[in-house]
Structure formats: structure tokens, C-alpha cells
Amino acid sequence: LRTARAKIAWKYGEFEVGQDSPLIAGVNPLSLGAICTPEFVGAGNLWLWLPQIRIGVETGGGVSLGIQGAVLAPVSGDASGAFDTDNDIAEKSGRPYFEGRVHVRWGSDEMAGDIGVGIHQGWFAAKGDSLLQNQAFTVDAKIPLTSWLELRGEGYDGKGMRALGGGAIGQLFTPTGTPVRSRGAWGQVNIKPTPRVTFGGGYGIDDPLDEDLGAGARLKNEATSVHLHLRPAGPLVLGFEYRRIQTTYAAGKLANDHFNLAFGFEF
């Protein structure tokens with residue numbers, strides 16, 4: 001079980017409890033080749049599912065202005081061993097994560113659009129009683145230009161963003177022990193000429209500040225993908241995706257290519 005949520009919504013607001021993606025990074029690329037972990041993770045997509053409580057209010061109407069807030073369980077992004085039951089440095093701070101988002105929403109169904117800007121504030125426990133901060137400013141958008149053409153994407157500028165799932169290419173601290181500063185963004189175009197055919201492509205990038213990194217660190221991550229989804233009949237879905245990932249080091253660049261075929265049922 002990856003995500004679960006209970007939500008109460010009324011005309012001018014909503015209340016939600018569950019485990020979900022961060023409030024400030026709720027958009028994901030379309031993909032049948034990236035299922036458990038979303039596309040462009042490590043290349044601009046902050047995604048990590050965290051226990052949280054959310055509340056939001058909005059004006060309503062054809063074009064609605066809204067404001068949302070969330071309290072999230074803190075996490076540093078450290079890998080857990082088989083017998084690792086200790087709190088990580090985010091949990092040891094004794095403080096939850098806080099996030100806020102302001103957004104504009106319009107339309108419904110296939111023409112539903114949303115543009116938002118957000119802020120994240122968190123803490124890591126350091127030596128003694130001191131705390132280090134992890135912070136981010138974000139923008140996200142899902143824009144249907146027509147019934148068959150959609151744009152979607154996200155961007156962030158922050159520090160300590162490994163905590164939200166792969167930010168700074170999974171690098172958390174500088175050689176001097178402060179959170180790594182980084183910027184990232186991804187975007188995708190989706191075209192749906194018929195209800196049974198969807199194709200498109202996208203690009204993502206994560207670029208930590210070079211002066212925050214030590215020798216041998218990952219300086220930049222880039223990912224490019226194209227996809228084709230077919231729904232020939234009923235719940236049947238077929239997909240093809242090509243993805244290229246390129247990582248830059250001081251010594252040069254390394255790249256790999258993924259070819260994915262997908263077959264399944266939607267319900």
C-alpha cells in the first residue's frame with residue numbers, strides 16, 4: 001500500500017488525512033513505465049509519499065482561488081536497513097514538516113486546470129540542540145489547452161530536498177554539514193487525438209549547487225522520455241515508453257537508456 005487518504009470536501013473547502021505526495025508537489029507525469037516511483041524522480045520531481053493532514057479553502061466559481069496548508073511527518077530520506085528502527089535526523093528534530101500552497105483552479109473533467117505556488121519548511125537535528133532547516137519554494141501546473149492537448153509540470157528551488165524524494169539527486173549534506181542547495185524542474189506535453197490514444201514527451205532536470213558538493217558528487221541529473229498509450233478495447237491498456245537518463249560528474253557524463261513495454265487493465 002503506497003497511498004491512502006480519507007477526504008471530506010464541501011463547496012468551498014476540503015479536509016484530508018492520509019499518506020500522499022507532498023502538498024507542494026502533487027502533479028506527476030503520465031507514464032506506464034514508471035509505476036511505483038513516478039517519472040522524473042531525481043530529475044526535478046519531488047514526490048515522496050508522507051503521512052499528513054491537509055486543509056484548504058477556495059472561493060468557488062468558474063475560476064476558483066484557493067489556499068491550502070499541510071502538516072506532514074518529517075523524514076530525511078535516509079535508507080533504512082533491515083534492523084534500523086531508530087528515528088532519522090528529521091524525526092529527531094521533534095518538529096513536523098509544514099507546507100502551504102496558493103492555487104488557481106478552473107474547468108472540470110478533461111478540461112480541469114490548476115496552477116499553484118507553494119512553500120515547504122522542515123528541520124533536521126544537528127549536533128547538540130541545534131537544528132538545520134530544509135526549505136523550498138515550488139510551482140506546479142496542469143494546463144489543458146484543448147480537449148486533446150495538455151501541459152503539466154513542476155519546479156522547485158530549495159535546500160535539503162532529498163527529504164521529499166530525490167531532490168539534489170539524493171544528496172543531503174555538503175562536506176561542511178549544511179543541507180545541499182538545489183533547483184529542479186520537469187515538464188511534459190500530452191496529446192490525446194482520440195479517447196483511445198495518448199502520446200507525448202517530457203524532460204526533467206535537477207541541478208545542485210556545485211559549490212555545495214564534494215569530490216565525486218553528482219553535479220546534474222537530466223531525464224528525457226517519450227510515451228505512447230493505447231486503449232484498444234474495454235479496460236485493456238498497452239504502453240510503450242523510451243527514457244534516457246544522464247548524470248553529470250566532474251569527470252564527465254554517464255547515460256543509460258530504458259525501453260519499457262506495458263500491458264494491463266484499468267478499473
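These are my notebook entries on one predicted protein model, from the overall fold down to single side chains.

**Ground rules**

I worked from a predicted model, so local features need pLDDT of at least 70 and side-chain atom pairs count only at pLDDT 80 or more, while totals for chains, interfaces and linings use all residues. I number residues from 1 along each chain as its sequence is written, and side-chain values use heavy atoms, with hydrogens and water left out.

**Entry 1: the whole chain**

I began with secondary structure and found zero helices and 13 strands. Helices (H or I, at least four residues) and strands (E, at least two) are DSSP runs, numbered from the N terminus.

I noted a C-alpha trace spanning about 60 × 50 × 35 Å along its principal axes.

I then checked burial, and 42% of the 267 residues count as buried. Buried means under 20% relative accessible area, exposed over 50%, and partly exposed in between (1.4 Å probe, protein chains only).

For contacts (heavy atoms within 4.5 Å), I took pairs at least 6 apart in sequence, and 57% of them join residues at least 24 apart.

**Entry 2: pockets**

Rolling a probe the size of a water molecule over the atoms shows where empty space is left. The search uses a 1 Å grid over the protein atoms alone; a pocket is an open set of points where a 1.4 Å probe fits, with protein on both sides within 12 Å along at least five of seven lines, and lining residues have an atom within 4 Å of a point. Grid points are joined across faces, edges and corners, and a volume is the space filled by probe spheres set on the points.

The largest pocket came out at about 760 Å³. It has 33 lining residues, and Leu30, Ser31, Arg152, His229 and Arg231 are the closest to its centre. I see β7 (131-146), β8 (149-159) and β9 each supplying at least two lining residues. By class I noted twelve nonpolar, ten polar and eleven charged residues. Ala, Val, Leu, Ile, Met, Phe, Trp, Tyr, Cys and Pro count as nonpolar, Asp, Glu, Lys and Arg as charged, and the others, Gly among them, as polar.

The second largest pocket holds about 390 Å³. Its lining has 18 residues, with Gly26, Arg54, Gln68, Arg101 and Arg105 nearest the centre. The strands β1 (4-10), β2 (13-20), β5 (97-106) and β7 each give at least two lining residues. Here I noted four nonpolar, three polar and eleven charged residues.

**Entry 3: Gln188**

I picked Gln188 in strand β9 (residues 181-194), and it is buried at 3% relative accessible area. I looked for its polar contacts (a pair of N or O atoms within 3.5 Å; within protein, one must be able to donate a hydrogen and the other to accept it, and residues adjacent in sequence count only if both atoms are side-chain atoms). A polar atom of the Gln188 side chain lies 2.8 Å from the backbone nitrogen of Leu30, and the Gln188 side chain makes a polar contact with that of Asn190 at 3.1 Å. Not counting residues up to four places away in sequence, Gln188 also touches, among others, Arg152 and His227.

**Entry 4: Glu154**

Glu154 lies in β8 and counts as buried at 6% relative accessibility. Its side chain has a polar atom 3.3 Å from the backbone nitrogen of Gly26 and one 2.9 Å from the backbone nitrogen of Val27. I also logged 7.3 Å between the C-alpha atoms of Glu154 and Thr138, 16 residues apart along the chain.

**Entry 5: Arg162**

Arg162 is in the loop between β8 and β9, and at 18% relative accessibility it counts as buried. Its side chain makes a polar contact with the side chain of Asp78 at 2.2 Å. The C-alpha atoms of Arg162 and Val180, 18 residues apart along the chain, are 8.8 Å from each other.

**Entry 6: Ser64**

Last, I looked up Ser64 in strand β4 (residues 63-72), which is buried at 4% relative accessible area. Its side chain reaches the backbone nitrogen of Gly60 at 3.0 Å. Leaving aside neighbours within four places in sequence, the contacts of Ser64 include His103 and Arg105.
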